Amino acid sequence: MPHQHSSQPRLSPSSDTEDMTDLSRLLAPRLAYFAGVARTEHVTRAAQEMQVPQSTLSRAMVRLEQDLGVDLFARHGRTVSLTPAGRTFLASVERALAEIRRAADEVRADADPATGKVAFGFLHTMGAETVPGLLHAFRADHPRVRFSLVQNYGEAMIERLRAGELDLCLTSPVPDAPDLVARRLDEQKLRLVVPADHPLATRKRIRLAEASDEIFVTLEPGYGLRRITDDLCKEAGFKPRIAFEGEEAETLRGLVAAGLGVALLPPPAVPRPGVAELTVTAPRAAREIGVAWLADRPDTPPVAAFKKFLLSRRGSLLP
């Protein structure tokens, strides 16, 4: 393999980001060629193994050395051997190529129709009963599909959806944004939860305005249920006096049981002692549950299958 240095200026590593990007762009296509020649120490044999013309491989190695500004090979007729710089470079190249192979295997595995992965987000209140039931039903027909599950409040899940960390999420309220696609799946009635020894605990139904003098415990600002609570109280003609803000509906139910306030909450997965749960007759107290995904992002086969399954549960999502 003849070795002729070009008169063109060589690229050398620099702190300048643009120079480093240019260097990476020039080197990357030739790294696998370099590893093949280094492994066989013979250009002809490497060209045969990689099924590329020998002339192409020879030119690629010369250009690689020119771009780096160092000799990677010592030439001995038709054979080559690595220089000390070549051995140093090879160690890093092999790690880089192994990482690329690992990443390629991972993304192919995640997209496999039978064994791929779905990154699925959902509200904390969906975690005890709704989501386990959904996954059990889905895996009856897709037993090997894997899931990465994320529980969070609605706005945080939308952020992770936009960041590409989630494929789908169950959320409330159902988002309305140009970069998202959202479909309403079900509706969940909210109840006014009061301590078991509260004067209202003997009631079955209540107008929310009757609770205007009560102390409320709620989720923190940013949670969809908090926004719904504020809106319902405003519609009922009052602003709730809030004593405690939390992150979990069941924690709020525990605070109510301890006599620390009342709360508007969805039904529990199992009845909680120490509280009474009243139907709110006015205003209409309910929250919509929907599924959202990023618009214009193609689905892998397992994501498409799970999305189709969720949409088929419209009206029967909740237990």
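Analyst: The notes below go from the whole chain to single residues. This is a predicted model, in which local features need pLDDT of at least 70, side-chain atom pairs count only at pLDDT 80 or more, and totals for chains, interfaces and linings use all residues. Residues are numbered from 1 along each chain as its sequence is written, and side-chain values use heavy atoms, with hydrogens and water left out.

User: Ok, how many helices and strands?

Analyst: The chain has ten helices and 13 strands. These are DSSP runs numbered from the N terminus, with helices being H or I of at least four residues and strands E of at least two.

User: What radius of gyration does the chain have?

Analyst: The chain has 31 Å, whereas a compact globule of 319 residues would be near 20 Å. The radius is taken over C-alpha atoms, and the globule rule is 2.2 Å times the number of residues to the power 0.38. Along the principal axes, the C-alpha atoms fill a box of roughly 100 × 45 × 35 Å.

User: And how much of the chain is buried?

Analyst: Of the 319 residues, 42% count as buried. Buried means under 20% relative accessible area, exposed over 50%, and partly exposed in between, using a 1.4 Å probe and protein chains only.

User: Switching to charges. How many positive and negative side chains?

Analyst: There are 42 positive and 41 negative side chains, and the centres of the two sets lie 5 Å apart. Lys and Arg count as positive and Asp and Glu as negative, while His and the chain ends are not counted. Each charge is placed at NZ of Lys, CZ of Arg, CG of Asp or CD of Glu.

User: How many salt bridges?

Analyst: The whole structure has 22. A salt bridge here is a side-chain nitrogen of Lys or Arg within 4 Å of a carboxyl oxygen of Asp or Glu.

User: Give me one. What does Glu-65 pair with?

Analyst: Glu-65 pairs with Arg-75, and their closest N and O atoms are 2.7 Å apart. Glu-65 sits in helix α4 (residues 54-68) and Arg-75 in strand β1 (residues 73-76), so the bridge ties together parts ten residues apart in sequence. Glu-65 is buried at 0% relative accessible area, and Arg-75 is partly exposed at 22%.

User: What about Arg-253, which side chain does it meet?

Analyst: Arg-253 meets Glu-277 in a salt bridge, at 2.8 Å from N to O. This pair links distant parts of the chain, with Arg-253 in helix α9 (residues 249-257) and Glu-277 in strand β12 (residues 275-282), 24 residues apart. Arg-253 is buried, with a relative accessible area of 0%, while Glu-277 is partly exposed at 22%.

User: Which residues are linked in a network?

Analyst: Arg-184, Glu-187, Arg-284 and Glu-288 are linked by salt bridges.

User: On phi, what is the value at Gln-51?

Analyst: Gln-51 has a positive phi, near 55 degrees. Gln-51 lies in the loop between α3 (43-50) and α4, and is exposed at 73% relative accessible area. Asp-296 has a positive phi too, about 65 degrees. Asp-296 is in the loop between β13 and α10 (301-312) and is exposed at 82%.
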